[in-house]
Amino acid sequence: MDTIDRRILYQLQRDASLTNQALADEIGLSPSACLKRVKRLRDARIIEREVALLNPDTMGPCLHIVVEVTMERDNKLLYQRFLTSALSAPEVKQCYQVTGECDFVLIVTVADLDEYDHFCDRVLYGDDNLRKFRTLLSRKRHKFDTSVPLRT
């Protein structure tokens, strides 16, 4: 990956709806060269997918919840079982296996606390290796950024 690829990725992270012509103009490439580079970045899975980011404030009630999960036993198979359950839950928008006081951090999005209770019953209380979990209810989201740092 060279400097031009990084410039393409920077622009696409800011606005993936740019036409190839607009992207090529911004980068200073011919449209055909730009298209080839973007295709190569997609084929290499550097560009994993392109999505529309919705404004959650316009979509009705929405709670963002950070859940810290601590497992009872440090066992790879039991962790994998929990991970499979968490990843299949539509409420889980992000899942991190972490070091420190807890084992997993989940970012959960639900409409209300009743929906969160159903999630807890199904995913968290349903795992007999889960020792405890801590719920951090977001009062307000001040920053949300999906970009990945582009290192030189």
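Helix packing. I looked up helix 2 (residues 20-27) and helix 3 (residues 31-43): their axes come within 9 Å and cross at roughly 100 degrees. That puts helix 2 roughly perpendicular to helix 3 (65 to 115 degrees; under 35 is roughly parallel, over 145 roughly antiparallel, the rest oblique). On the helix 2 side I find Asn 20, Gln 21, Leu 23 and Ala 24 in the contact, and on the helix 3 side Pro 31, Cys 34, Leu 35 and Val 38 (contact is heavy atoms within 4.5 Å). Sorted by class, that contact has six nonpolar, two polar and no charged residues.

Ground rules. This is a predicted model, so I note that local features need pLDDT of at least 70 and side-chain atom pairs 80 or more, while totals for chains, interfaces and linings use all residues. Numbering runs from 1 along each chain as its sequence is written, and side-chain values use heavy atoms, leaving out hydrogens and water.

Loop residue. I found Glu 91 in the loop between helix 4 (76-88) and strand 2 (92-97). Is Glu 91 buried or exposed? Glu 91 counts as buried, at 10% relative accessibility (buried is under 20%, exposed over 50%, partly exposed in between, with a 1.4 Å probe and protein chains only). Leaving aside residues up to four places away in sequence, Glu 91 touches Ile 107, Val 108, Thr 109, Val 110, Glu 115, Phe 119 and Arg 122.

Cysteines. I get zero disulfides (sulfur pairs within 2.5 Å). For Cys 62, the closest cysteine sulfur is in Cys 120, 16 Å away and so too far for a bond. Cys 62 is partly exposed at 30%.

Definitions and conventions: Axes fitted to C-alpha atoms, helices over the stretch in contact; angles between N-to-C directions. Helix = DSSP H or I, 4+ residues; strand = E, 2+ residues; numbered from the N terminus. Nonpolar A, V, L, I, M, F, W, Y, C, P; charged D, E, K, R; others polar.
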